[in-house]
Structure formats: C-alpha cells, structure tokens
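Please read this briefing with the sequence and the coordinates at hand. The points are grouped by topic, from confidence and overall form to the contacts of single residues.

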Amino acid sequence: MTTSTSARPAGPGASHRGLQDPTRRPGEWAILQFLRGSATIAILTTAGIVASLFPAAISFFREVQTVHGVSFLEFATGTFWAPDFANPSFGVLPIVVGSSIVVVLALLVSVPVGLLSAIYLSEYAPARVRRIIKPALEVLEGVPTVAVGLFAFWFLRPTAQEAFPNLPWTGPFAILIGGMAVGLITVPLMASVSDDAMRQVPQSLREAAYALGDSKARVAIRVVVPAAISGIVAGIVLAASRAVGETMIVLLAAGAGNPNLSFNLFAGVQTMTAFIAGKATGDIAQGTLIYDTVFAVGSLLFLVTLSLNLFAIRFVRRFREVYE
Amino acid sequence: MSITSSTASLPQRDSIRGAPPAGERAFSIAFSAVLGLGIFVALGGLAAILIWAVSAGLPRLDWGLFTNAPSTARIETAGFRTAIFGSLYVIAGVIVLIIPIGLGTALYLEEFSDRTSRFARLVDLNIQNLAGVPAIVFGILGLAFIVRGPVGIGFVAAAGSLTLALLVLPTIIVSSREAIRGVPRSLKEGALALGATPWKAVWTQVVPYAAPGVLTGAILSVARAFGEAAPLLLVGAVTFVTFNPRFWSDGYSVLPVMIYQYATRPQASFRLLAFAGVLVMLVLVLFMNSFAIWLRNRYERPLQ
C-alpha cells in the first residue's frame, strides 16, 4: 500500500481519520454511507410512526367534531366507547381505564416478583445458580404472547374460578387474569433492569454496612435497594410501558367487546390495544371513520409509551452518571 | 483513613462480637424465604405455561398438523401447513433485512461515529425508545406505510417481513453493539497500524470476534418475530389461506395468527388444534432462545 507510508501514526484513542481519510477511497466511502444509512433507519422508523399516526388522528378529531358533534373534551371524558355502532359513541375513557387496570394488575405482579428475583440474583445467588436462573427468565420473556393468552384463558381462568368459586366471575373473560398474565411476562424485564442497577452499586457501600454489623438482608434492603432506586424505578416504568402495549394476552383473556366503562375485575374489559387488534384486521377501508379511529387510539397509545420510555431512559442515564 | 481512629466510633453491637441476635436471624431467614418465593413465582409461571402447553397440545399433535392445509369444514384433518409456509417466508425476509441493517447500525455507532455527535445520540435515543414501542403500533406503521401508502405492496408476506424487521431491529442492534464493544481495541489498532483501511480493519478484526454476539441477537430477534402475532393482524396475516402463499403476492398467514384464529372459534376441536399449534410454536421458540443464550454464554469470555 503506497499511501500508508505518508500517513501519520494514529495516537491512542485517535479515530481512523488520523490514518487516512476514508472518504478518498470510493469503496470505503460507499460502505460508510451504507452504515450511516442503516443507522438512519431507526430515526426514519420513529418518523414513519409519527407520520402514519398523527395525520389520521387529526382527521379523526375533525370528523367526529363536524359529523358527530363530539368535541375533544367529550372524547377524553366520555364513558361509552362504541365507534362502530350504528349510533356511534366516542368516549375514550372505557378503553383508557381498561388499559390502566391492566397496567396496575401487571405491576402488582411484576414489581414484587421482579424486585425479589433481582435482589436474589444480585445479592444472594451463587454464580452457578445465577447462570441457570438468568437464562430461564430470558426464556420466560421470549414465550410468544399468543401462548400466554391461551394459557390465561383456558387454564388460569378456570383454575381461578375453581379455587375461588365465590368471587363474582361474569362471562368467559376476566381482566384480573389477563392483567396478572401480562404481569408474569413483564417480570423478566423488571428483574433484569433492577438486577443491572443493583450490580452497579459499588461493593464499598455494602462493605461499609457489613463493617457496621449489618446482616446480609439488612444490607440488601437498606443499602443496595436505595442505592439502586433510580434503576428500579426505570424498571417499573419500562414494565408499565410493556404492559400498556401488550395486545394478544389482553385480547384473549379480557376480550375486545365491552363498550362500557367498567372497573369489574372479574369480567371482560376492553383496552386500547385490544380495540386496535380487534378492529384493524386488514379489511377496514382506508379513509373511513373507523380506520381513523384506530389511528387516533394508536396515537394515544404511542404517546403514552413514548413518555414512559423517555422517562425511563432519563432515569437510567442519571443512575449511570452517579456510579460510573 | 486509618483503622485505629474509626474503631472508636463503631457501634457496640452483638453482631460484631459473635452471633447475630435471634430477632435479626429470624428476619434474615424470613427475608430469604420471601426472595425464594419471588423466584418460585417467576420460574413456576414459566413451568406452568410449558406443562400446560404439553398436556393441552399433545392429544392433537401429529404429522398432519404440518402437512394439512387449514380448513373449517374438516376439522379433524385440518392443519397449519400454509401458515407454517407463511411464517417461513416472513422469517426469511426478516433475517435478510435485519442482519445487514442491524450489524450496519451497530458498526456505525461503535466504530465509525463520534459517540457524542448529535446524529449518533439521536440514533441511540431512537433505538432505546423503539425497543419499548408496542408491537401493535408497528402494525399500524406497517398498515399505513408498507401495505398502503409510500411502499404500498399490499397484504403480502413481504409486508409482514418489513413490519417485523422494524420491530425487532433494536434487539439485534443492542446485542451487536455489546458484542462489538467486547472486542479488544488492540486488534483493530494492530490492523490499522499495519496499513489496513478502517473498513478492512473492522471487517477482518472486529466483525469475526463479534460474530457470536451478533448471531445471538439475530436468533433472539427471529424467535421474537416468529412468535409475534399482534402487528401481523394489521398487515394482512388474517387471511384464511388454504394454499401455500407466494412472497410478493397472495394473502398469507403465519403460525401464531393461525393459532389465534383457531382458538377464537367456538368448537372444541378447533381449540385442540390451536393448543397443538401452541406446542409446536413453543418448542421452536424455546429451541431458538436456548440456542442463542447458549451461544452467548459460550463466547461471553472476553478475549485477552
């Protein structure tokens, strides 16, 4: 190679640019453009989501305003969700409440179970046990949600009714079961984010507490958990974001029919995701109101998860800054 | 800090001199039991799903499941053949798309960009957020942009591939970045010092050593795409196809969506068919995931 003789040697940490300008070689230039183009796809995907959701959502609000006389306030506070009825109603509260119930139930399962698993993995488990439990949790995270939904509907629901026959079970669906099943599959996420946070807590903090005579349990509760709290909060927020977006489990275990505002845990309750999956099965015509309704609900769902995700990303970043 | 000066301020507790007090010991045992309960619920839940799938799916499991086409008329001989073909097409498309794009993005972020640059930080933020965007929202994107709109290829298997590829890209990117970060800098620097071009140094030194990690991410992504149903409901996989689909034309279905369709029919024999499908799908997904995790643990040791 003739050009390399004239190049100055790159110092430690110097980029490849110190050696040779890669843009001079057409091959290197083309490859760099391909790599940069690949990276751009992540940005384009977000842009595509926004571009596909918001125009249709805006046309939804315009149409319900002009044709049905429903204002944004009535949309946000209405308690009957039946956009495809002959006499349609556009109160979004029932499906928002439905999604919220799923999130609360899911967190009631995944926060304690995930946090306890994380404390065990980070503070107690010998390396050998850890090497078995961590992959098992990853396998749980990878179980297809259709399978979990059918398991919840055909196994958990009848078993729960048999065990507690006095509870007011109504109909084949129960959001209680759906929410708890969603909780089970968000356990690995909660556990792995919390475990990462706890393992980043400096060993010196633990040793200081041991030196003062604390037991292992007290060190875990009073030192490690508080020191890792922002990572744990990020885990909770990510688990909530995952739960609000979960579709198949909720669709199978809690149904997609109920248009009423309902807090009944033992009956079917419709969620935002179940509405989208139930309505947008390919054969709805573009430009119709129901098509735009799907996009309006999709926008709402996207905005909720976006804010949860950004909140979690900030929390994790702040945590990393403290201990790195 | 000297030891002698700090011992004076240490609290005089029993635990320093000998055994911890009885109450403390009971607390420790109770806490360990609660921790065990947490692990038990998590792993017990996984075990319950697997045991249920085997017991519910086995009665209907036979070769006809793979060779017979779906049917609503002859339930006893109905199978998943066309849905399995659909899944294979969709997954093949996903693999072809995510490996170059996922590896390309990871290489760009780790090797060819200034990590503090605005562009790199924006890409990073987008990847982190996209990892948490619900699958069904990708379905909406697929419906508006890929099936219709700018790409406009209609309800075909290729639309399913594109939608799922976008959905799982963050998974393969994150795994690939970690793998690339684990390659010692000295390998690349050695190649550069010998006169290799930047790309040559990365391609011959960094990529081979990062390959197991990239492959792990690819397999995890494919396993996820294979089991995903929600976004495909929106991009056309609900067609009840009784013939093998083609990639660029015709309606298609995939295994998890076919399972969902069978499961929501009222007759019990359809339900059994769905359970058998769940068992097949779980075995395949678990095999892929276990292989990926094994692969990662096998090559996890950092090079020295």
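**Confidence and overall picture**

Chain B has a mean pLDDT of 86, and 91% of its residues reach 70 or more. The structure is a predicted model, and its scores are ipTM 0.87 and pTM 0.88. Chain A has 12 helices and two strands, whereas chain B has 13 helices and zero strands.

**Chain A**

- The C-alpha trace of chain A spans about 80 × 60 × 35 Å along its principal axes.
- Of the 324 residues of chain A, 48% count as buried, and among its contacts between residues at least 6 apart in sequence, 72% join residues that are at least 24 apart.

**Chain B**

- The pattern of chain B along the sequence is α-α-α-α-α-α-α-α-α-α-α-α-α. With a radius of gyration of 26 Å, well over the 19 Å that the globule rule gives for 304 residues, chain B is more spread out than a compact globule.
- Along its principal axes, the C-alpha trace of chain B spans about 85 × 65 × 30 Å.
- In chain B, 49% of the 304 residues count as buried, and of the contacts between residues at least 6 apart in sequence, 72% join residues at least 24 apart.

**Domains of chain B**

- Chain B is divided into domain 1, covering residues 25-60, and domain 2, covering residues 64-298, and the C-alpha centres of these two domains of chain B lie 29 Å apart.
- Where the two domains of chain B meet, eight residues of domain 1 are in contact with seven residues of domain 2. By class, the side of domain 1 of chain B that touches domain 2 of chain B has six nonpolar, one polar and one charged residues.

**Interface between the chains**

- The interface brings 78 residues of chain B into contact with 77 residues of chain A. On the chain B side, helix H3 (residues 22-57) of chain B supplies the largest share, with 17 residues.
- Sorted by class, the side of chain B that touches chain A has 58 nonpolar, 16 polar and four charged residues.

**The largest nonpolar core**

- The largest nonpolar core has 204 residues, and those that touch the most other members are Ala147(A), Leu150(A), Ala152(A), Ala181(A), Ala253(A), Ile259(B) and Val278(B). Helix H3 (residues 93-124) of chain A gives the most to this core, with 17 residues, and the core also draws at least three residues from each of domain 1 (25-60) and domain 2 (64-298) of chain B.
- Setting aside residues up to four places away in sequence, Leu150(A) touches Leu252(A) in chain A, together with Ala263(B), Ala274(B) and Val278(B) in chain B.

- Ile140(B) has its place in helix H7 (residues 135-147) of chain B, and it counts as buried because it has 27 C-beta neighbours inside 10 Å, where 20 or more are required.
- Apart from neighbours within four places in sequence, Ile140(B) is in contact with Ser52(A), Leu53(A), Phe295(A) and Gly298(A) of chain A, and with Leu234(B) of chain B.
- Ile140(B) and Thr163(B) are 23 residues apart along the chain, and their C-alpha atoms are separated by 9.3 Å.
- Ala73(B) is found in the loop between helix H4 (64-67) and helix H5 (81-112) of chain B. Ala73(B) counts as exposed because it has 6 C-beta neighbours inside 10 Å, and the limit for that class is 12 or fewer.
- Between Ala73(B) and Leu284(B), which are 211 residues apart in sequence, the distance in space is 28 Å, C-alpha to C-alpha.

Key:
Residues numbered from 1 in each chain as written. Chains lettered and ligands numbered in written order. Predicted model: local features only at pLDDT ≥ 70, side-chain atom pairs only at ≥ 80, totals over all residues. Helix = DSSP H or I, 4+ residues; strand = E, 2+ residues; numbered from the N terminus. Nonpolar A, V, L, I, M, F, W, Y, C, P; charged D, E, K, R; others polar. Core = buried A, V, L, I, M, F, W, Y, C linked by C-beta atoms within 7 Å. Domains from an automatic or database assignment. pLDDT = per-residue confidence, 0-100. Rg over C-alpha atoms; globule rule 2.2 N^0.38 Å.
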